[in-house]
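Try each task before reading its solution.

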Amino acid sequence: MIDPAVYLGLFLAAFLAATILPMQSEALLVGALLAGDRPVWALILVAGSGNVLGSIANWFLGRGIERFRDRPWFPVKAGALDRAANWYHRWGKWSLLLSWAPVVGDPLTVVAGILRERFTTFVVLVTIAKFGRYGLLAAMTLAWI
């Protein structure tokens, strides 16, 4: 069934959930899966695409925001930013495979931009993580019903 509102809502929720805004998209995906009237692959494609694009927005945010780190209004303290950078340097680009994880995933994508991770490497690793998470969630949901 083609219902643009469902797909658009899922895409927007997934996009916003990948940014630094507090949002979740998993419940919408599970609800759409439980309704059972849409192709699973289409729901995963829409949610994954929105989530990856949200992470790309974070990467661009990181590329541009670091120059403001000495300003008093900068949202992250210099020490916290340095710790995040050290952590990212320690684990490297492979830490982006955790970009799906709650709490740490979204800041990781911003730090990757700040530290100038190559865009193509960033997109590949984040795509694997985000689509993997939604695929696993779909498989668990469908196994449950």
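**Exercise 1.** Locate Ile145, then decide whether Ile145 is buried or exposed.

*Solution.* Keep in mind that this is a predicted model. Start with the position: Ile145 sits in the segment after helix H6 (119-144). Next, take its relative accessibility, which is 57%. Exposed means over 50%, so Ile145 counts as exposed.

**Exercise 2.** Work out how many residues of helix H5 (residues 105-114) are buried.

*Solution.* Use the cut-off first: a buried residue has under 20% relative accessible area. By that test, nine of the ten residues in H5 are buried, and the helix is mostly covered. Among them are Gly105, Leu108, Val110, Val111 and Ile114. Then step past the end of the helix: Arg116 follows H5 and has a positive phi, near 65 degrees.

**Exercise 3.** Find which elements give two or more residues to the largest nonpolar core.

*Solution.* Begin with the members: the core has 14 residues, and those touching the most other members are Tyr7, Leu10, Leu29, Leu33, Leu43, Ala47 and Tyr134. Now assign elements: helix H1 (4-18), helix H2 (26-35), helix H3 (40-65) and H6 each give two or more residues. H3 contributes the most, with five residues. To see one member's surroundings, pick Leu43: beyond its neighbours within four places in sequence, Leu43 is in contact with Tyr7, Leu10, Leu29, Ala32, Leu33 and Arg38. Last, look for a separate core: another one, of eleven residues, includes Ile56, Trp59, Phe122 and Val126.

Methods. Residues numbered from 1 in each chain as written. Predicted model: local features only at pLDDT ≥ 70, side-chain atom pairs only at ≥ 80, totals over all residues. Heavy atoms only, no water. Helix = DSSP H or I, 4+ residues; strand = E, 2+ residues; numbered from the N terminus. Buried < 20%, exposed > 50% of the residue type's maximum accessible area, 1.4 Å probe, protein only. Core = buried A, V, L, I, M, F, W, Y, C linked by side-chain atoms within 4.5 Å. Contact = heavy atoms within 4.5 Å.
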